[in-house]
Amino acid sequence: MSTDKTPDKRTVDMRIISEWIEPNSSVLDLGCGRGVFLEYLIKTKSVFGVGVDWDLDKVGSCIKRGVPAYQGDLAELMKAFPDKFFDRVVCSRTVQELINPSAVLLEALRLADAVTVGFLNYGHWRNRLHHLTTGNHILTEINPHEWYEARPTHPISIAEFESFCARHNITVTRRVYLGGDWETPSKRWHNLLCGYAIFEMKQ
Amino acid sequence: MNDADENPLLTRKGEIGLVRYQDFDYDDPFTFEDGQTIPGFRLRYETYGRLNKKRDNTVLICHALSGDHHCAGVYSIRDRKPGWWNNMIGPGKPIDTERFFVVCSNCLGGCQGSTGPASINRETGKPYNLDFPFVTIGDMVRAQKLLMDHLEIPELHAVVGGSMGGMQVLQWAIEYPSYVRRIIPLATTSRHGAQSIAFNEVGRQAIIQDPEWRGGNYDPEAGPKVGLAIARMMAHITYLSDKGMERKFGRRRRDGGDINFSFDVDFEVERYLRYQGQSFINRFDANTYLYFTRALDYFDLPATYGSLEAAFRDVSAIALVIGFTSDWLFPPEQNREIVHALLRQRKHATYAEVPMDFGHDSFLVDAPNLYRLIMAFLWEQ
């Protein structure tokens, strides 16, 4: 993966994900960080949004932004809601760090009609090359730290994500593939050329 | 050098300094939830900062079981013991008195100047004692609302409080939804659970079984001091944590020496608890302790309103609920439940869990990460 960090690279997926969100709908953001995305949704689409993050400092930033946030375990929060309580659950740049990804994603599908998952494709050729040539852990924008300082990460590929969906009878209703720059669309051989993928899942 | 120069609570930047209390006398009949009526009541309260022109900058502080209206500042130039939340309230502090008009009132049923069991019943000319109506969290809040009306405050920017104060905060948002814009309940619960009722019952029995209690009709100068001190000692343990006590006292001996093979004070923690018990009997009325612990026990929002969601149905305040990792009296789960129910009602609610080792009383402790949360929430537009 490219290591130059442009502001666009951090927001382009946010733009695409927000396009799929209806005005005045309700959204749960898993791994909401500092609430930048939800703040944008609340301002531009008047959504009822709530974020969840385990980091107290980040939840503090959400408070400053006026974004409702829940500090703690996302699985525990999700259990507190009835079926289809939300219109959409967003899981952007979070899925690779989930302790039990299938449980969380299936729970997300219980909570909402649609689930948006944005994830980094570790099958991208540069990741493959990096691993092949150095044999080392892959550094990414999302997880830019050396292994000994990084959170545990599942290096998933697009093909692996598709097979997860197939196995659980999850319908993928939308797919957006972005290239290694996360900006220009990736047109073919996605598992090799796509750097960042955004899927909409329904069940 | 005079005393004022020496007292940092007067001279240090960020201190409110000298404060004084005021009394609000409500002269109309007031009917409690238990159906009983008193001809009027007094609430003792303090205010800090100034009400702005739009009269929309009031922050109401609700105190806990053993707290009172004196939550910041000092009473005299020699006073070294500031109000109970002096670290939180003051110019430039998280609850900033340069920006907010802060009000804190002693609860109805209290013993620090407000009408309570020790007050004189106008009809009999004697103290109410156990003839005082049972006071609930709802009664406390309705009485505070009358004080707000008296102060001509048209809306509250925020209501903030921990423990029993947190219960009042929730009650405020439920009872007066259009009046309250923000709430910060800390270390609290929506339903007083079995363990908490059990602890309260032991405290009450310590008082009631003290022969000096005399069916509640004790001489104000005497009274069940032993029972009240024991109740306080036991309750105080529930406000701390294993880790916090270990760090503060460990097995330290009172005199740093060897064990004495006696039942007198050997350990520092014993000395501390006895001190807590002794200082409490000098400032707190035993009957108020009975009444307030009962108010806690009877607090059950899910039962009162059908469900916690139903209780929150009309709430319009945005909420910041804060739990503390080491609080085992009102543990994080009970604070989280409040947020879950608010969110299920699609209310604007945030939950923050502050990692602190001081147990239930963590909300009273000097803690920069707690300050940041409260400041951000109160200041956010």
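Chain B of this predicted model contains 13 helices and 14 strands. Its radius of gyration is 21 Å, close to the 21 Å that the globule rule gives for 381 residues, so chain B is as compact as a globular protein of that length. The C-alpha atoms of chain B fill a box of roughly 65 × 50 × 50 Å along the principal axes.

Chain A has 8 helices and 7 strands. A compact globule of 203 residues would have a radius of gyration near 17 Å, and the 16 Å of chain A agrees with this. Along the principal axes, the C-alpha trace of chain A spans about 45 × 35 × 30 Å.

Chain B is assigned two domains. Domain 1 is made of two segments, 3-192 and 300-379. Domain 2 covers 193-297. The centres of the two domains of chain B, taken over C-alpha atoms, are separated by 24 Å. Domain 1 of chain B gives 27 residues to the contact between them, and domain 2 of chain B gives 24 residues. On the domain 1 side of this contact, 13 residues are nonpolar, 11 are polar and 3 are charged.

Two helix pairs in chain B were examined. The crossing is right-handed. From α3(B), the residues in contact are B:Ile137, B:Gly138, B:Met140 and B:Val141. They meet B:Met167, B:Gln168, B:Gln171, B:Trp172 and B:Glu175 of α4(B). By class, the contact of α3(B) with α4(B) has 5 nonpolar, 3 polar and 1 charged residues.

The second pair is α6(B), residues 225-239, and α8(B), residues 268-283. Here the axes come within 8 Å and cross at roughly 130°. Angles over 145 degrees count as roughly antiparallel, and 65 to 115 as roughly perpendicular. α6(B) and α8(B) are therefore oblique to each other. The crossing of α6(B) and α8(B) is right-handed. On the α6(B) side, the contact is made by B:Lys225, B:Leu228, B:Ala229, B:Ile230, B:Arg232, B:Met233 and B:His236. On the α8(B) side, B:Leu273, B:Gln276, B:Gly277, B:Gln278, B:Phe280 and B:Ile281 take part. The contact of α6(B) with α8(B) divides into 7 nonpolar, 4 polar and 2 charged residues.

The two chains also touch each other. Chain B gives 20 residues to this contact, and chain A gives 17 residues. On the side of chain B that touches chain A, the elements that give two or more residues are α12 (332-344), β14 (349-354) and α13 (368-379) of chain B. Among them, β14(B) gives the most, with 6 residues. The residues on this side of chain B comprise 10 nonpolar, 4 polar and 6 charged.

Technical notes
Residues numbered from 1 in each chain as written. Chains lettered and ligands numbered in written order. Predicted model: local features only at pLDDT ≥ 70, side-chain atom pairs only at ≥ 80, totals over all residues. Contact = placed C-beta atoms within 7 Å. Helix = DSSP H or I, 4+ residues; strand = E, 2+ residues; numbered from the N terminus. Nonpolar A, V, L, I, M, F, W, Y, C, P; charged D, E, K, R; others polar. Axes fitted to C-alpha atoms, helices over the stretch in contact; angles between N-to-C directions. Parallel < 35°, antiparallel > 145°, perpendicular 65-115°, else oblique. Left-handed = near helix turned anticlockwise from the far one by under 90°. Domains from an automatic or database assignment. Rg over C-alpha atoms; globule rule 2.2 N^0.38 Å.
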